[in-house]
Amino acid sequence: MPLATYFSGPKVAWMLENVPGLREQAQAGKAIFGTIDSWLTWNLTGGPQGGVHLTDVTNASRTLLMDIHTLDWHEGMLTALDIPRQMLPEIVPSSSVYGTATGVVAGVPVAGILGDQQAALFGQACYDPGEAKNTYGTGCFMLMNTGHEVVPSKCGLLTTVGYKIGDQDVVYALEGSIAITGALVQWLRDNLRMFDSSGEIEVLAKTVEDTGGIYFVPAFSGLFAPYWRSDARGVIVGLTRYINRGHIARAALEATAYQTREVLDAMEQDSQVKLRVLKVDGGMVVNDLLMQFQADILDVPVIRPVVSETTSLGAAYAAGLAVGFWQDIDSLRKNWLEGQRWSPTMPADVRQEKFSGWKKAVGRTFEWVVQ
């Protein structure tokens, strides 16, 4: 992974250097570190009274501290960031019985842990190499299953652990993170007061037939995958007096689809696998206009499952496998049901023209912040 404050390793290093007494407490084993799953598991299983201190392979792979080949903490990174190993949680599979809950849920096994996006991948039944999902929330996160093979990215993506079921071999994935998607809709709502609720953007966007030639690149905090450009800032290009609120709303929705196309192109180039369908979930998938444009600009069908809260579903699947409620992966695959499908209808020449315009617009965002 790129060295970035986005990951928790550098944050822990900063705290150890700047919080008085913390390093001494960590070295004495009195201050421990973990991501939110570690905190929840520790408290569920007793906290100070015997709680277990652990994290699963997916969350550990997002700290910048784990070796994704050995599935153990990376001594070189711990040394480089000067983080005491004794403060770190034990790394465990994504689906296994970790302990028994106490308190109001006493006796219930704690049995499934997955990072947010890996849980969505698991809940979307993307169990075969080449299957991918995209979660549309404040940002967008696309993951593609690459099987038991670590696929190093040469196109700006993250190579990550997908999931690990019990003592089975670990499954890896490629991930593309987009910073601003649903957050752009929120920005139009809260900062510009263009509408009162996020759901109104589709109605506003439908008042026009197209964007009027404008592009909205929401590089509010730089650009994530596949560019990783912290010097970029947001732009609206192609403005004329013809443009109204409807065009801006439509361009904002299309920005999500264009960014997803860029991540998918990078994934296909890295994996050498051509995507057949894209499974989608998250809050924005209720927007039919966006989903149709997504299918058009990708030139692949987009499928929303019956259960669109796939992160919660994936965590439940992992726990269910561990305790025997589900027998195997095949039973999970059969439980996944298609809810709605959008098929591409855009002519190839129009698709290429629109995407070329987007790439040109992205180029206008670079080098705005002098590093």
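**Figure 1. The charged end of R229 is placed over the ring of F366 in this predicted model.** The distance from the charged end of R229 to the centre of the F366 ring is 4.2 Å.

Figure 2. Y258 belongs to helix α9 (residues 245–271) and W358 to helix α13 (residues 348–363), so their pairing ties together parts of the chain that are 100 residues apart in sequence. Both Y258 and W358 are buried.

**Figure 3. W187 and F220 form a tilted aromatic pair.** In total, the model contains 14 aromatic pairs. For W187 and F220, the ring centres are 5.2 Å apart and the planes meet at 50 degrees; because stacked pairs require planes under 30 degrees apart and edge-to-face pairs over 60, this pair counts as tilted. W187 is part of helix α7 (residues 182–190), whereas F220 lies in the loop between β11 (215–217) and β12 (235–237), so the pair ties together parts that are 33 residues apart in sequence. W187 is partly exposed, with a relative accessibility of 26%. F220 is likewise partly exposed, at 31% relative accessibility.

**Figure 4. R351 of helix α13 makes a polar contact with D299.** The two side chains are joined at a distance of 3.2 Å. R351 has a relative accessible area of 10%; this value is under 20%, and R351 is therefore classed as buried. When neighbours within four places in sequence are set aside, the residues in contact with R351 are R261, D296, I297, D299, P344 and M346.

**Figure 5. Seven strands make up an open sheet with mixed pairing.** The strand order is β9-β10-β8-β7-β13-β14-β15. β9 (158–163) and β15 (338–342) are the edge strands; each has a single partner strand, so one side of each is left without a neighbour in the sheet. From one strand to the next, the twist averages 30 degrees. Strands of a sheet pair through backbone hydrogen bonds, in either a parallel or an antiparallel sense. Between β14 (residues 302–305) and β15, the pairing is antiparallel and extends over four bridges. P305 has E338, in β15, as its bridge partner.

Figure 6. V237 and I214 are 23 residues apart along the chain, and their C-alpha atoms are separated by 5.5 Å. V237 itself is partly exposed, at 22% relative accessibility.

Note on methods: Residues are numbered from 1 along each chain as its sequence is written. This is a predicted model: local features need pLDDT of at least 70, side-chain atom pairs count only at pLDDT 80 or more; totals for chains, interfaces and linings use all residues. Side-chain values use heavy atoms; hydrogens and water are left out. Rings of Phe, Tyr and Trp (its six-membered ring) pair if their centres lie within 6.5 Å; planes under 30 degrees apart count as stacked, over 60 as edge-to-face and the rest as tilted. Helices (H or I, at least four residues) and strands (E, at least two) are DSSP runs, numbered from the N terminus. Buried means under 20% relative accessible area, exposed over 50%, partly exposed in between (1.4 Å probe, protein chains only). A charge sits over a ring if NZ of Lys or CZ of Arg is within 6 Å of the ring centre and within 35 degrees of the ring normal. A polar contact is a pair of N or O atoms within 3.5 Å; within protein, one must be able to donate a hydrogen and the other to accept it, and residues adjacent in sequence count only if both atoms are side-chain atoms. Contact means heavy atoms within 4.5 Å. Two strands pair if DSSP finds at least two bridges between them. Axes are lines fitted to C-alpha atoms, for helices over the stretch in contact, and angles run from 0 to 180 degrees between N-to-C directions.
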